[in-house]
Amino acid sequence: MNKIFTLSIIFIGLLISTLLVVKHVDRFGPINLTTKTCLITGASSGIGKYLAIEMVQRGWKVIGIARRAELLNELQTQLGEQNFISFVCDVGDIKQIHLISESIKAKGLQPTLFFLNAGTGESTQKWQPLLVNHQQTFATNYFGTIAWIDEWLLPVKSYGGGTFVATSSVAALYAMPGADAYATSKVALLHSFDSLRRQYLYDNIQFSIVLPGPVDTDLLKGVVAQKLPFIHNAEKEAHSIVRHVFAGKKHIEPSWFYAAMMRLMNILPDAAIMKFL
Ligand SMILES: NC(=O)c1ccc[n+]([C@@H]2O[C@H](COP(=O)([O-])OP(=O)(O)OC[C@H]3O[C@@H](n4cnc5c(N)ncnc54)[C@H](OP(=O)(O)O)[C@@H]3O)[C@@H](O)[C@H]2O)c1
């Protein structure tokens, strides 16, 4: 009995160590540094704003995209006109993404790293229609990400390769009540980026996906959310995301607590979970 127990412990230990080694080794190649230019959507506030600050601090030129011109202008004043070039664009409108991409190309800017981070999320209310919220959420969170890849994949190939990073969420790992539109848009991003990464594995085009837990930004303005434990700060979150992207991580989960908890919640009974929500 003792022998079986010892052998089981050794087997589990070896299995976990192998998985950890594989996870550590399974990373994408170095970031293309030839132009040191990146594009960030949702750069006007929250995680995206701090991604912009972090990238400028690392010596990159940042193309910042969002709708609120006044916030983009403030950031440009803070970071300098040479370092931060902003474009007002509603990513929920694919035509605007095309026009802005053409303007960026016309200025001779050649981004090789994309943080496709713009996102929105309205809860759906019980007994209320779902479709409009789903369409609007997908327009911004999903199609407002994918359209940038369509615009830039071939140019990026001609610049010698590049990296697309999308901001999903731990909401993609467990579907909270009311989050059906938001969570599914984030699941769609997760699967899409996993699929694209495998498809372009040998083409010098990398796809990385970020699954943040709760971060103290405008998006997390609900009263319930403010009571959540281990909420991250946007500046540290952005720093962690950039560090992991440069380390070649394909799945970035800055909050290990929420990533683990969401996965655990999937195997618990709904009634038990609903008592705490
Ligand atoms: N905060 C969290 O707890 C949390 C957790 C997991 C994942 N995330 C994800 O992190 C990303 C950043 O969110 P955040 O937390 O930093 O919230 P935030 O401060 O509200 O930032 C959202 C950003 O997206 C931009 N945006 C939204 N809709 C847009 C549109 N239609 N067109 C262009 N830009 C648009 C906003 O800019 P404008 O309003 O100026 O356009 C803003 O810059 C989102 O994808 C979000 O889903 C957040």
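This is a predicted model: local features need pLDDT of at least 70, side-chain atom pairs count only at pLDDT 80 or more; totals for chains, interfaces and linings use all residues.
The expected span of a helix is 1.5 Å times one less than its number of residues.

Helix α4 covers residues 94-106, and helix α2 covers residues 46-57. In each case the reach from the first C-alpha to the last is close to the expected value, as the table shows.

| Helix | Residues in helix | Reach | Expected span |
|---|---|---|---|
| α4 | 13 residues | 18 Å | 18 Å |
| α2 | 12 residues | 17 Å | 16 Å |

Which residues of α4 are buried? They are Ile 97, Ile 100, Ser 101 and Ile 104. These residues cover an arc of only 105 degrees around the axis, and therefore lie on the same side of α4. The spacing follows a general rule: an α-helix has 3.6 residues a turn, so residues three or four places apart point the same way. The cover over the buried residues of α4 includes strands β2 (61-66) and β3 (84-88), together with helix α5 (131-158). On the other side of α4, Lys 95, Glu 102, Ser 103 and Ala 106 are exposed. Just after α4, Gly 108 adopts a positive phi of about 80 degrees.

Helix α2 is mostly covered, since 11 of its 12 residues are buried. Among them are Gly 46, Lys 49, Tyr 50, Glu 54 and Val 56. Gly 59, which follows α2, has a positive phi near 90 degrees.

The ligand is surrounded by 30 residues, of which Gly 42, Gly 46, Arg 67, Arg 68 and Gly 119 are the closest. Helix α2 gives the most to this shell, with 3 residues. By class, the shell contains 11 nonpolar, 15 polar and 4 charged residues.

Most residues other than glycine have a negative phi. Two residues of this model depart from that pattern. Lys 36 has a positive phi near 45 degrees and lies in the loop between α1 (2-25) and β1 (37-41). Phe 230 has a positive phi of about 55 degrees and is placed in the loop between α7 (223-226) and α8 (234-246).

Note on methods: Residues are numbered from 1 along each chain as its sequence is written. A residue is near a molecule or strand if its C-beta atom, placed from the backbone, lies within 6 Å of it. Helices (H or I, at least four residues) and strands (E, at least two) are DSSP runs, numbered from the N terminus. Ala, Val, Leu, Ile, Met, Phe, Trp, Tyr, Cys and Pro count as nonpolar, Asp, Glu, Lys and Arg as charged, and the others, Gly among them, as polar. A residue is buried if 20 or more other C-beta atoms lie within 10 Å of its own, exposed if 12 or fewer, and partly exposed in between; C-beta atoms are placed from the backbone. The arc is that of the directions from the helix axis to the C-beta atoms. Two residues are in contact if their C-beta atoms, placed from the backbone, lie within 7 Å.
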